[in-house]
Amino acid sequence: MPDTTTTADTPTHAPTAVIGGGHTGHEVATRLLAYDSPVTHITTSPPPADTPDSLTVHVVPALDGTALRAVPGDRPHTVVVMCVDDANSLLVAQLARSRLDPTHLIVHINTPSRAPAFERLDADIITTPHALAAATVDSHPAPRASTHHSNENA
């Protein structure tokens, strides 16, 4: 999972673009506002009524190369790509890497075996199975010490 701490290389007010993701993309964009960074969510879905005023939302007909035009003029520090299918995510991630040149590119993919195609983009990959497993494990208390005893007399 990518490091979300602010470092000397990550200005506090670095712009971020979240592309796609529907409700999940909206939640990611909304949570990023807590870091005092300008956030733009580019989506094909209308935003919920409770969308914060500080979140810039651009509703586009499709998540493709033209959707990237909705990213503000400042070069985004981070671009998060969350398309419905991996082929579209790969296209948008490639275009984001070449046109926007973000410092940090994060891509959500559905099929973990497709990760090598995205790694060539120097992207951090998030898969639903791995993210769900990590969240589940992180929510549990630390594992107990092993109670397995070897039986040397057997």
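R75 is partly exposed, at 48% relative accessibility (buried means under 20% relative accessible area, exposed over 50%, partly exposed in between, with a 1.4 Å probe and protein chains only). R75 forms a salt bridge with D101, with the closest N and O atoms 3.8 Å apart (a salt bridge is a side-chain nitrogen of Lys or Arg within 4 Å of a carboxyl oxygen of Asp or Glu). This pair links distant parts of the chain: R75 sits in the loop between β3 (55-59) and β4, D101 in the loop between α2 and β5, 26 residues apart. Helices (H or I, at least four residues) and strands (E, at least two) are DSSP runs, numbered from the N terminus.

The model is predicted: local features need pLDDT of at least 70 and side-chain atom pairs pLDDT 80 or more, while totals for chains, interfaces and linings use all residues. Residues are numbered from 1 along each chain as its sequence is written, and side-chain values use heavy atoms, with hydrogens and water left out.

D101 is partly exposed, with a relative accessible area of 40%. Its phi is positive, near 45 degrees, although D101 is not a glycine. Most residues other than glycine have a negative phi. D122 also has a positive phi, of about 55 degrees. D122 lies in the loop between α3 and β6 (124-127). With 62% relative accessibility, D122 is exposed.

A search of the whole structure finds three salt bridges. R114 pairs with D86, the closest N and O atoms being 3.0 Å apart. Distant parts of the chain are linked here: R114 is in the loop between β5 and α3, D86 in helix α2, 28 residues apart. R114 is partly exposed, at 44%, whereas D86 is buried, at 4%. R31 pairs with E27, at 2.8 Å between the closest N and O atoms. Both lie in helix α1 (residues 22-32), four residues apart, about one turn of the helix. R31 is exposed, at 58%; E27 is partly exposed, at 38%.

The largest nonpolar core has 24 residues (a nonpolar core is a set of buried Ala, Val, Leu, Ile, Met, Phe, Trp, Tyr and Cys residues joined through side-chain atoms within 4.5 Å). I19, I42, V79, V81, L105 and V107 touch the most other members. Elements giving two or more residues are β1 (16-20), β4 (78-82), α2 (86-100), β5 (104-109) and α3 (115-119). Helix α2 gives the largest share, five residues. Another core, of eight residues, lies apart, with A29, V39, L55 and V80 among them.
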